[in-house]
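Me: Hi, could you walk me through this one? I'm new to it and would like to start with the ligand.
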Amino acid sequence: MKLDLLLTPFPLDQINLNDKTVVVIDILRASTTICASLQAGARGVIPVGEPGGAGKLWTRLGADSAVLAGERDGVKIENFQCGNSPAEFTPESVGGKNVILCTTNGTGIFNRASRAARVVSGALVNISELARRVVVWGNDVVVVCAGRNGGFSVEDTLCGGMLIDLLNQSEVSGVELNDAGALAKLLYKGMGASLRKTVANGEHGRFLVSVGMGSDIDLCTAVDSMPIVPVLDDGCLVIAESEPKKQHSVR
Ligand code: MLT
């Protein structure tokens with residue numbers, strides 16, 4: 001299996017995604033919120049890049065079937081029903097509805113990758129189940145770290161490194177990594193024992209604390225707390241159907 005990790009989404013449009021599984025990672029907080037929404041019983045999560053487009057879609061779908069959610073500068077967008085804190089997505093707030101989610105860095109990436117064989121959302125909360133599925137699917141992988149404002153972020157790269165580590169422990173006979181993947185693996189080897197602290201000390205972690213959302217860091221670093229894999233299906237992220245377990249463990 002080949003795995004190319006992108007430290008930022010910048011090169012994504014230039015990359016051949018034929019027959020690839022794309023894993024979009026934005027652990028603070030879009031990928032975690034997507035898992036939280038589906039785990040809370042949302043029918044699906046529709047990732048949208050811009051608030052205007054999200055608002056129009058919500059008007060078209062109607063308040064009975066859709067919830068409008070998202071952030072700019074970390075805080076809920078005016079007139080939206082939810083922000084981007086995983087804690088807001090409960091059976092009461094989103095059960096049975098589609099969540100239209102618009103965030104600064106993460107949600108716009110999914111549709112940019114939609115030419116791939118499969119696009120999934122990866123986070124620490126679903127990392128082992130994600131690794132298991134990647135092995136079952138068997139395709140080469142492109143991991144896109146959402147990063148922050150176009151740049152590198154430590155938390156997404158760390159999560160990419162953990163995915164690589166889990167794949168290496170699986171039956172896959174060697175994962176062939178690009179240089180960024182090798183770097184992510186090294187980062188995880190060095191800092192994986194202090195995941196929460198490393199995430200909290202990063203730029204985005206410190207930013208969330210500064211806007212009073214530090215408790216989200218605990219939710220976003222709760223490894224394997226939401227063992228589902230959101231997969232893009234016609235523009236909407238839904239829980240991937242279960243597949244036969246292989247006779248090995250990745251964790
Ligand atoms: C993003 O997509 O930029 C993030 O999820 C930002 C955040 O809400 O922390």
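Reply: What follows goes through the surroundings of the ligand and then the rings, and it all rests on a predicted model.

Me: Ok, which residues are around the ligand?
Reply: The residues around the ligand are Asp-26, Leu-28, Arg-29, Ala-30, Glu-71, Asn-84, Thr-103, Thr-104, Asn-105, Gly-106, His-204 and Leu-208. Sorted by class, this shell has three nonpolar, six polar and three charged residues.

Me: And how far is the side chain of Asn-105 from an oxygen atom of the ligand?
Reply: A polar side-chain atom of Asn-105 lies 2.6 Å from a ligand oxygen. For Arg-29, an N or O atom of the side chain is 2.7 Å from an oxygen atom of the ligand, and for His-204 the side chain likewise has an N or O atom 2.7 Å from a ligand oxygen.

Me: How much of the ligand's accessible area does the protein cover?
Reply: On its own the ligand has 270 Å² of accessible area, and the protein covers 99% of that. The space that the ligand takes is the largest pocket.

Me: Switching topic, how many aromatic pairs are there?
Reply: Searching the whole structure gives zero aromatic pairs.

Me: Then what sits over the ring of Phe-207?
Reply: That is the charged end of Arg-148, which is 5.0 Å from the centre of the Phe-207 ring.

How values were computed
Residues numbered from 1 in each chain as written. Predicted model: local features only at pLDDT ≥ 70, side-chain atom pairs only at ≥ 80, totals over all residues. Heavy atoms only, no water. Near = heavy atom within 4 Å. Polar contact = N/O pair within 3.5 Å; in protein donor to acceptor, adjacent residues only side chain to side chain. Areas by Shrake-Rupley, 256 points an atom, 1.4 Å probe, with all protein chains shown as cover. 1 Å grid on protein atoms, 1.4 Å probe; cavity = no way out; pocket = protein on both sides within 12 Å on 5 of 7 lines; lining within 4 Å. Sits in = over half its atoms within 2 Å of the grid points. Nonpolar A, V, L, I, M, F, W, Y, C, P; charged D, E, K, R; others polar. Phe/Tyr/Trp six-rings, centres within 6.5 Å; stacked < 30°, edge-to-face > 60°. Lys NZ or Arg CZ within 6 Å of the ring centre and 35° of its normal.
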